[in-house]
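Here is my notebook page for today.

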Amino acid sequence: AGVSAIRPGSARPVTFAGRPSVTVPVGAHYVSDPLDFPVAPGSVLTVTVHLAEGQRSGALTSHPGSRTTSYLAPGNQAEAPDLTGATPVDHWYLLSAVEVLPERDTAVLALLGDSLTDGRGSTTNGNDRWPDRLFDRLRTDPRTDGVAVANQGAGGNRVLADGLGPGALARLDRDVLALSGVRWLIVFEGVNDLGTAEATHTAQKQVADDLTAAYEQIVVRARARELLVYGATITPFGGNDPYDDPQGHREAARQAVNEWIRTSGRFDAVIDFDHAVRDPAEPRRLLAAYDEGDHLHFNPAGYQALADAVPAALLRR
């Protein structure tokens, strides 16, 4: 991952209704024609795109927190085995997803999350976010090695309102329900809703109540598509600036939301990420060994702990 070259002879042209190019309207999706191109599970794919008229607008699909290096190069180098004069950027652009027709019975686990699922604090080009580590773990068990993992984490994402991109309620249809073969959904969001709401008792009680109502909406909409929905508890952020307020109003709201996730019975199962990564001596904080440094995000060891906390039995078909 993260190199500017591809294996010689591996390039394939992508077409759209037989045409070599396409103009994508703002906000629309375009699906290419299928490629006869064998792809093993866990493969690293490179997609090279040439913009015939350059980048005409900033309103383009992008993934600022990809933790994977892409390359910008002049001219049409779409078929080049290695890019000339390329500038590395640690972002993805233009491509939303790649779908693969499996050779065996496969089902998809979708992960609806924020930067903690997107992988802030993980290793650039290391593929050690918790969804990556979970995928690696599931592949070692014949009872779960047919599970595909779709990481739909978005840095800065909130459940209730737009932020860096549309909120989880707004993007649920596009990012989860429209996926091919999706069978399970893990919802691991809410910390940014708590952290951006005013640090008062009234405001935090309101956002906590709104979050639990929103989780119910996600469950209802996902179950209508026959998905199993698992709720993940919100992990600690004690000591984080600016989320941790001195009066502890946001921590109280986090505890209230987590209590609802654990006891409401609305989810098909609960994954207790909070319990897996908190410091037993100070539960409002992350365990130091898992802390990326800002007391909110995880290092690779922390992401491994999250991956290990997902019961594999929940994903057996």
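Predicted model: local features only at pLDDT ≥ 70, side-chain atom pairs only at ≥ 80, totals over all residues.

I looked up the aromatic pairs and the count came to eight, taking rings of Phe, Tyr and Trp (its six-membered ring) with centres within 6.5 Å; planes under 30 degrees apart are stacked, over 60 edge-to-face and the rest tilted. I picked out Trp-130 and Phe-188: their ring centres are 6.3 Å apart and the planes stand at 70 degrees, so I noted the pair as edge-to-face. Trp-130 sits in helix H2 (residues 130-139) and Phe-188 in strand E7 (residues 182-188), so this pair links distant parts of the chain, 58 residues apart. I took helices (at least four residues) and strands (at least two) as DSSP runs, numbered from the N terminus.

Residues are numbered from 1 along each chain as its sequence is written, and side-chain values use heavy atoms, without hydrogens and water.

Next I checked the domains: domain 1 covers 1-94 and domain 2 covers 107-314, with bounds from an automatic or database assignment. Twelve residues of domain 1 contact 13 of domain 2 (heavy atoms within 4.5 Å).

Which residues form the salt bridge? I found Arg-67 with Asp-118, the closest N and O atoms 3.7 Å apart; the rule wants a side-chain nitrogen of Lys or Arg within 4 Å of a carboxyl oxygen of Asp or Glu. The count between the two domains is one salt bridge.
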